[in-house]
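Reader: I would like to learn how to read aromatic pairs and charged patches in a structure. Where do we start?

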Amino acid sequence: MKIIQLIGTRDKSDFALYLAHALTAVKKRVLVLDTTTNEIYRHGYTRLTQDKYIYELQQIDILCSVKDWADAEAKLLQVDEKPDNYDCIILDADNIQSILADWPKPASTLYLSDSERMNIIRDVPLLHRFLDNRFFDEYNLTELRQVHFESSYKLPSDYVLLLMNNRIEFSEESAIIDFDDLGSLLKGKMQHDQIIPYRQLSKEYKELLNGIACELFEDLDVRYVGKAARNSWFSLRPKKVKEEIIGKPIGG
C-alpha cells in the first residue's frame, strides 16, 4: 500500500481523481481521503448525504470527512474494508490540522500550487507548518516537489520561495502545467456527469500523471499506463452502493 500526500490550499480534487484514474486503469485499487476544510469531494463529486462517508466514482473509492488515520480506519471498517486492501491511497490535505494529523509515512508528497493570490497567501503558513512538522525531519526531506498550474497571469517562478524567505527548496522533479482553458470545463464534467475526462487532458498533464504512477509502482511502464488510461472506460452501471452500509456516523 502506497500513500501519496497532496498538500496546498488549491483545489486539488481534479488532480487527485485524474491520478487515481491512471492507477485504476492499470488495475491498482485506489482510495482518495478527503481531509479538506470544505469537504470538496463530498459536495463536488459524490451524491452523499451528510451522514454518509464513502462513495465510488468510476472504480475509485472516495472517503469523506476524514480527520486522521485512525478515523479513516474506523470508517473503512464499517464497510468491511481496511487501508491494506488498497494499492494506493491519495491523501488530500489543504489545512494545517490535516498536515499535523497522524498519518503513515507517504511514499511521495506533492505541493500543488497556482497563481491565485488567496491560495498563495494561505499556502505560506501551511508550508511553514509542514516544514516544522516532525514528519519532515523524520523522513529526512530536504526539498519538496511542486506541481504548479499556470494561469493566464504568470508570476515569477520563485514567488513562493521569496515569500517563505527561501526556507524551502523545490526539487528538480517539480513541474509546471501550462494554462488550459478547458480545465474548468473538464472539472465540471467530472462533478456533474460523473465521468473522468482523462483523454481530454493536455499531453504534458497526462505525461506527468503517468510518470507519478510509475514512480509509485516500479512494475509499471509509462507507455503502458498512458495507453491504459486513455482507453479505460468504466460504465456507470447500477451497483450496491457502499454508502448505504456506512449510513450512520461513527458511534451512531
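Author: We take the aromatic pairs and then a charged patch. Note that this is a predicted model.

Reader: How many aromatic pairs does a search of the whole structure find?

Author: The search finds six aromatic pairs. In one of them, the ring centres of F15 and F149 are 6.3 Å apart with the planes at 85°, so this pair is edge-to-face. The cut-off for that label is an angle over 60 degrees.

Reader: Which parts does the pair of F15 and F149 tie together?

Author: F15 belongs to helix α1 (residues 13-24) and F149 to strand β7, so the pair ties together parts 134 residues apart in sequence. Both F15 and F149 are buried.

Reader: What kind of aromatic pair do Y111 and F170 form?

Author: That pair is stacked, with 5.9 Å centre to centre and 25° between the planes. Y111 is in strand β6 (residues 108-114), while F170 is in the loop between α7 (159-163) and β8 (175-177), so parts 59 residues apart in sequence are tied together. Y111 and F170 are both buried.

Reader: Which residues do ring pairs link into a cluster?

Author: The cluster consists of F15, Y18, F149 and Y205.

Reader: Now the charges. Which residues form a negative surface patch?

Author: E143, E169, E172 and E173 form one. Of these, E143 sits in the loop between α6 (134-138) and β7 (145-149).

Reader: Why does E143 count as partly exposed?

Author: Because its relative accessibility is 34%.

Key:
Residues numbered from 1 in each chain as written. Predicted model: local features only at pLDDT ≥ 70, side-chain atom pairs only at ≥ 80, totals over all residues. Heavy atoms only, no water. Patch = residues over 30% accessible without salt bridge, like charges linked within 9 Å, V, L, I, M, F, W, Y side chains within 5 Å. Areas by Shrake-Rupley, 256 points an atom, 1.4 Å probe, with all protein chains shown as cover. Salt bridge = Lys/Arg side-chain N within 4 Å of Asp/Glu carboxyl O. Lys, Arg positive; Asp, Glu negative; His and termini not counted. Charge placed at Lys NZ, Arg CZ, Asp CG, Glu CD. Helix = DSSP H or I, 4+ residues; strand = E, 2+ residues; numbered from the N terminus. Buried < 20%, exposed > 50% of the residue type's maximum accessible area, 1.4 Å probe, protein only. Phe/Tyr/Trp six-rings, centres within 6.5 Å; stacked < 30°, edge-to-face > 60°.
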